[in-house]
Amino acid sequence: MSLLFTDLYELTMAQGYWVHGRAEEEAVFHLAYRDAPPEAACVLACGLEPLLRWLEDFAPTADDLSYLASLTAPDGTQLFQAGFLDALASLQFTADVDAVPEGTAVFPGGPLLRVQGPLMQAQMIETAALNLLGYASLVMTQAAQVCAAAQGDPVLEFGLRRAQGPDGGHTASRAAYLGGCTATSNLVAAQRWNIPVRGTHAHSWVMSFDDEQDAFAAYLASAPNNSILLVDTYDVATGLDRAIAAGQQLTARGGEFSGVRLDSGDLGHWARVARQKLDAAGFAATRIVASGGINAREVRSLKQDGAPIDIWGVGTWLVTGGETAALDTTYKLGAIRRSARDPWSPRMKRSASPRKRSLPGLPQILRTTRDGAAVGDVVYSIDDPTPEAPRDHEAEPLLVPQMRGGRRVATAPGTEQIRQHAARQAPLLQTAEYPVSHDPALRETISRLCAAAEP
């Protein structure tokens, strides 16, 4: 991604800061979200590693600068001044970044990310930060939800064909795997992020043959080590019988008949039929895979109903956000000062609706735990004293240093490390009541800013 992975107004504001000599003023921005997805109490944060990689390479190319120089304002004059473009040419990211590690549960209103540094730079990364963290966090959260619904059964992510473009598909595949999915069908994401990849054949394979039995036999002959057959192209009951016959031929040759896949119809009913037929034929170890537009709610319902489904393929609902479509993320200015010698001036976006207000100051989350279990969060500003945890409780700040002066200071966790962390945090998604409060100093600042005519 280039420096131009942003909205135009980020650069028109950047030019304004530069024109008025404010580009190097120190500012603090933070990224948060307003509402959790349906049936979730919070979200699992995701997308930090791609954002940090982008910030490490935060510089325009010659083509970027040439393009910006070609842009015109509504009156036909050059939109960006030559001096500003010269300043961009030597720009490097030098801000500090603190963020919650990927896989951490964050409740509505609490920041996922805090950026402190030159005003112009901190402003310019807004769009990229919202894009990279918002979508990935939504998908990771939904992956954790469907994996919880599956109660330990493998969940395969099949969403590339319905994702919002190739970049959305790759982001979703990574986030879904980090959120608990077992594998993806997306080869590019599997290659890039070292994710297990799975897939067998489509309905078109069966339809390309004159006879379904021949289609199954031919597939198992070409891929005896990847032997899951899709049985609902025509009649499911007949497809199951034919798949079993093909499986018997495979086992006679020394192979193993791995499974059948159901992709439509009453999945619970046909899974029971399939289990009965497979068991009667001596294929008790052959697994049943279900797919076809299913979501976490349907997986939960089928599990509660006792459907004998072993593996779940989830695509569209997972990668498109389902009912949510997009996480309502915000990136707001919390404080500003002329230089490090000056006190911070807190800033807050005000609204008659409390959920629309932004946090003033330099926000941080203090998570309190007891006997290893999270029991509540306190949001505070780090320029105020750190709140004290209750007796017999432990507390830790969730936003941890990621960059200082534009350089990485935290070692990037491995994929399996993130998956394990997300699995430990996932139970918080189902928390019925979890207290999140503002500490007294932050409440006083909010009250004062709400009453003031201007900040």
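So, how close do the axes of helix α10 and helix α11 come, and at what angle do they cross? Within 9 Å, crossing at roughly 35°. Before I go on: this is a predicted model, where local features need pLDDT of at least 70 and side-chain atom pairs count only at pLDDT 80 or more, while totals for chains, interfaces and linings use all residues. Residues are numbered from 1 along each chain as its sequence is written, and side-chain values use heavy atoms, with hydrogens and water left out.

Helices (H or I, at least four residues) and strands (E, at least two) are DSSP runs, numbered from the N terminus. Axes are lines fitted to C-alpha atoms, for helices over the stretch in contact, and angles run from 0 to 180 degrees between N-to-C directions.

Okay, back to our pair. α10 covers residues 212-222 and α11 covers 236-252. Their crossing is right-handed, that is, the near helix is turned clockwise from the far one by less than a right angle.

Next, α6 (residues 126-150) and α7 (residues 165-178). Their axes are 8 Å apart, at an angle of about 45°. That makes α6 oblique to α7; the cut-offs are under 35 degrees for roughly parallel, over 145 for roughly antiparallel, 65 to 115 for roughly perpendicular, and oblique for the rest. This crossing is right-handed. From α6 we have Tyr135, Ala136, Val139, Met140 and Ala143, and among their counterparts in α7 are Thr171 and Leu178.

Now the sheets. One is open, with 6 strands in the order β7-β6-β11-β10-β9-β8 and parallel pairing. Strands pair if DSSP finds at least two bridges between them. β7 (183-184) and β8 (228-230) stand at the edges with a single partner strand each, so one side of each has no neighbour in the sheet. Inside the order, β9 (259-262) and β10 (287-290) pair over 4 bridges, and glycine 259 sits opposite arginine 287. Helix α12 (267-280) lies across β9 and β10, at about 160° to β10.

Last one: an open sheet of 4 strands, β16-β14-β15-β19, with mixed pairing. Its edge strands are β16 (394-397) and β19 (436-438). β15 (373-381) pairs with β19 in the parallel sense over 3 bridges, and there valine 379 stands opposite histidine 438. Helix α16 (440-451) packs on this sheet, touching β15 and β19.

Definitions and conventions: Contact = heavy atoms within 4.5 Å.
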